Amino acid sequence: MKKNKALEKIQQRCQALYEDLNLATVRAWKAEAPGRKAIGFMPVYIPREILHAAGILPVGLMGADIEIIRGDAYFQSYICHIPRSTIEMAVNGSLDALDGVIFPSICDVIRNLSGMWKMMFPDKYSKYLDLPQNFTPGLAGEYYIAELRTLAADMERLSGHRITDDALRESIRLYNRNRELVLELYDLRAEKPWQVRTVELYLLLRAGNLLPVEEHNAMLEAYREAIEGEERQALDNSRIVLTGAFCEQPPLGLIHTIERSGCYIVDDDFVLGSRFLTAPIPEEGDPVANIAQTFLDHAMETPFVYIAEKEKGEALVRQCRRRRGEGVIFSAASFCDPALLDQPMVSAAVEREGIPYTEFKYAENTGQFQVIKEQTGTFSDSIKLWGNE
Amino acid sequence: MSAQVTRIKPEADQPLPGNEVQKERSMVLQKEMIASHYKALAASAETGCKVVYTFVPGNLNELIGSFDNLLPVHPEINALQNAMRKRTGKMVLEAEKLGHSEDVCAYVKADIGMARSGNIGPSGTRIPDPHLLLLSYTGCFTFLKWFELLREEYNAPVAMLHTPYQGDGIVTDSMRAYMVRQIKEEVIPKLEKVSGRKFDIDKLREMLARSRQAEDDLVAVLESAKNVPSPIDAYFGAVYYIGPIFSAFRGTEAAVEYYRELRKEVEARLAAGQGPVTPEGEMGPERYRLVVEGPPNWTSFRDFWKMFYDEGAVVVASSYAKVGGLYDQGFRHDPEHPLESLADYCFGCYTNLNLPSRVALLSKYVREYQADGFLINSIKSCNSFSAGQLLILREVEQRTGIAGGFVESDLVDPRYFSGANIKTRMESYFQMIEQKRKGAA
Amino acid sequence: MKLYLGIDLGSTTTKAVVMDANQVILGKGITNSRSNYDTACAIAQNEAFIDTRFSLFRRQMSTGAVELGTGAVELGNLEAFLTGLEANFRLEQFLRQLRHLTEISMAEISKGRVDQALRTPLRDKLEQLFEEIAVEALEWFRPGAAKRSDFFRDLAGNAYMRGAEALAEPDGVTYDMLVNVYDKCIIRVENTLLDLSLEGNMGKALDRSFGDGGRDGLSEEAEAEIRSAADQVLDISLEVLNAVGTGYGRARLPFPKERIRSEILCHGLGAHTMFPGTATVLDIGGQDTKAIQVDPEGIVTSFQMNDRCAAGCGRYLGYIADELNMGVQELGPLAMQANKSVRINSTCTVFAGAELRERLNNGERREDILQGLHRAIILRAMSLLARSGGIEDEFTFTGGVANNEAAVHALSTLVEENYGKRKLNISANSIYTGAVGAALFALRNVAG
């Protein structure tokens, strides 16, 4: 098989970005022009367009599978892992390139982390972004627009750049394109899962945490092109949808394990922020209002959004059908309240539809995959047997 | 609602020593209030009253009460009352059998477990199913999930009230406007629909005026702990004192009377130089004054309390006594601005404060209540309280110069109360304070 | 003589410490806690008093309070003599217990459900077995012999099992029968208060030391004077002015409440007594880990304990050792041979085995995994230390895990990386830390 140099280059770049825990990439970007600022954000979703329009680099923070030396001193044993690694990196200087961090309203742990940040790093910008939870039409728009305008004003002050409506529209256009490219790859993977490997796709998404959106868009396009020239063999794997991994990310080994155990992951909720809005933001009109309204109308149904007047799990069932998933794997992070409290409702919906499922918990520093491999392997086999009957 | 509460008259013909009669009276009053509420719930099908489930923090009790035919149910209170009766262990297991994780909030699991075993409440009568779930999402993310679960369980409509968090330690006009709008356009219409009656703002105003009265008396009771010795315990004891005002009775005539009585009793104890009353009677001399952060453990409530009063430790201020409102920091319900004041009430609940505000408040309590100890009871179930408490501990220590103590337990899951471990820590902590005093002297 | 007693009633061992008015530790005693705290407490106290008398004996002789007459020995020789004497005394104690074990074992055979036909051969075998142990014991207590357990159960048990294996016959007195007798009787021996006192056994020990040419060049006069010094020391009345208890079983002690002190306070004060410069104490025991800060007087100013989960405590190392089929004391030395440290994420006792097996399956070396395991344990301890207020100079490490060189290595590395250079104190007697603190509390409470 001839070497696909373009693909290899992208793979290497993604791997390097994934391993760039000290944010050297961000430092380099800042050094390119004086006065550049970078703001980190915790999972899952923030309107990156507003940061981008102010010339600020949004940097996605997703914890890390690192040795925890100081982070455990801040959290009891019954709290999930991502805040430990986040504090660890903040305290050991890995996040020094950031001029601040935004904490979206995803759960009480991340919420309280925003206050810890205020006390531990009083010189840095720290913002709790309380995304609206009341999706009844007409109720939350004004509030959310006001929140976004406050955020925009903060970004203007921090960067020294005014955010013009035109600049914001341009940012919206770029991120719309980014979401579009990501979705295309998700579609392509569902179509040919042997061609777009999940680990590869995952690393591509992770690259978007550090790269400016322009560069990330180019990378996604290049990957799309490179993968077409690649000949990869289809295996007799079962097609599963992986869900629950929405904030704390699993170690790469876990994704490898699932794939190697005979499962094609045909949909997942890794790095959810990259496709959190399920429709493009209108590129004409008041850009702030457009960002707000698109969130209110098209926020992805995830455990951290209140689902009003709809059946829980409906979205997952729909997604499973659309991607022709044959089964669902629930893999929640240990001690993750939103995911674990959601799971009984969502798994019941999946069961009602006759879709087989299995479940396990993980942490970002899970070091043992053998048990998971056996579980997902058996699950895959049972799907195949059951499907062939 | 208020009309259904039976008022208890003091039995004047039983001549008992002064204090005991008074102590009896507020406790009897409260007992009767609670019993009558559960009775009213059990009879709701006959009386035609509709049932609204809602949470303690950010509850809109006056609004519910203003409809006259709506009865509130607070699932946390059912869970904790069941826990005090040692019933929740089974309920939690029941929920885990249904697929709920061991990792998550035990209040939720106890509630689901109760629902699945006949919904028999702590009083032994059946709790009726909800006609409406009033989801006041205030200070706790789990509330969202909890009512999603109950919606599936009961197929009841939900009225959403999203209280924005005080992330920057302030309440902005747009936050307040969002709340008022939700109350006006979502909560009230849904309450009207369930009740079948029109919302009457004047009735709401009347109730808010009564709330205000009771709130004044509650604050006087809580602040009596600034005296040395303190006549009350502001954590274990306060659990009883906050009961009516944090739940179904705020805004009722019964609550006004209860708090008037309670205040009189506490003032009498103060005048007599008496300390708090414990389940085993009068407490011995006050030896330690503590500020406590975090909810109590309910499954071993008395054992835990005993570890304090046996050592002469009095809790003089606690954050738990503020989960249903920070009245001692000046907030009062305001009949002049009814909806805005309901919004402000929600914003001010303790778990809706950011961590810097919590640290400032706790440090202030240590100083104002002349505490010589600061203890955190870290609750496994409650990330809203617990995430970040180790930093709170360090910050309060630094600001006040007193050493903090740290114990871990749970709300209603008996598996997470390790008596021996907690006792060792508590004893060590008290002995440490004592040794430090000796060293300083 | 006025003395102060500290007792630490731990979940596995009970320790007693005797201290004089000048805060000098005169005696230490240890025994296993068994199911019977009262007996454990009494035995540990007896041992501590015996140790105290030996200290006094030593002190009296070395300060020249006893004239050694014409054949006076040099101080070095005297030390050797006293060491030998103490060993002989311990031997006498051992033999006393062995005799008791023999007696009740014989009685057990008579009343037990032993087949009539087998009773005589069983009795013969046991007699032979106990005689062999008594002979072997002479070796164990010879000066310079390898260090062995202090507990009768361990010493006698080991030898008994070996002997039983050798003597058992598949068709007659089987191994199981022999073991059965031992198992039934050993607890009773432990729970009987035998006369193991100095008074009751010193004479025989002295005879043993001076007999068999063991006089080591001491003249008859010297022997006479030593014997009289021994009598004098035995005549000193030891008066306990105050006693303080601590530890897991502290509530069982027949002490009033004010004489019971928490383990944490005693630990802090004990560490301070052993190393007066101590500012921070880390104790990693079997079931819990404590991080303690003390002031210059040894008073605890802040502390943190692990939560209800025993992850990262000594017990975890026990599981790992079982998993690897090794003795727990072999783990440290093996880990020290590592080339690198494999990162171990779970110090949870439940997951320990699975993670270990998976690392082994992945081809990691045992040494490297073990080094990672020790680091993981110490990292948990570092969190507790940070919560309690960090690590100040000097830093004292106590508890069973303090004897593990790999743990100590990981700790000193991490401490230096995170807090800078700190003087790290570890005492060979760290198991007595809590009891020492209790004894000092006893002294201070009377003085204060």
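A disulfide here is a pair of cysteine sulfur atoms within 2.5 Å. With that in hand, look at this predicted model: searching the whole structure, over all chains, turns up zero disulfides. Take Cys107(A) as a case. Cys107(A) does count as buried, because its relative accessibility is 13% and the limit for buried is under 20%. Over in chain C, Cys185(C) is buried too, with a relative accessible area of 0%.

Now turn to where chain C meets chain A. Chain C brings 15 residues to the contact, and chain A brings 17. Together the two chains bury about 1,400 Å², with 40% of that on carbon and sulfur atoms. On the chain C side, Arg343(C), Glu358(C) and Arg387(C) account for 37% of the area that chain C buries against chain A, more than any other three residues.

What holds charge to charge across this boundary? The rule finds two salt bridges between chain C and chain A. One of them pairs Arg343(C) with Asp65(A), whose closest N and O atoms are 3.0 Å apart. Polar contacts between the two chains come to eight residue pairs.

As for what chain C uses to touch chain A, the elements giving two or more residues are helix H11 (349-361), helix H12 (366-388) and helix H13 (405-419) of chain C.

How values were computed
Residues numbered from 1 in each chain as written. Chains lettered and ligands numbered in written order. Predicted model: local features only at pLDDT ≥ 70, side-chain atom pairs only at ≥ 80, totals over all residues. Heavy atoms only, no water. Contact = heavy atoms within 4.5 Å. Buried area = accessible area lost by both parts, 1.4 Å probe. Salt bridge = Lys/Arg side-chain N within 4 Å of Asp/Glu carboxyl O. Polar contact = N/O pair within 3.5 Å; in protein donor to acceptor, adjacent residues only side chain to side chain. Helix = DSSP H or I, 4+ residues; strand = E, 2+ residues; numbered from the N terminus. Buried < 20%, exposed > 50% of the residue type's maximum accessible area, 1.4 Å probe, protein only.
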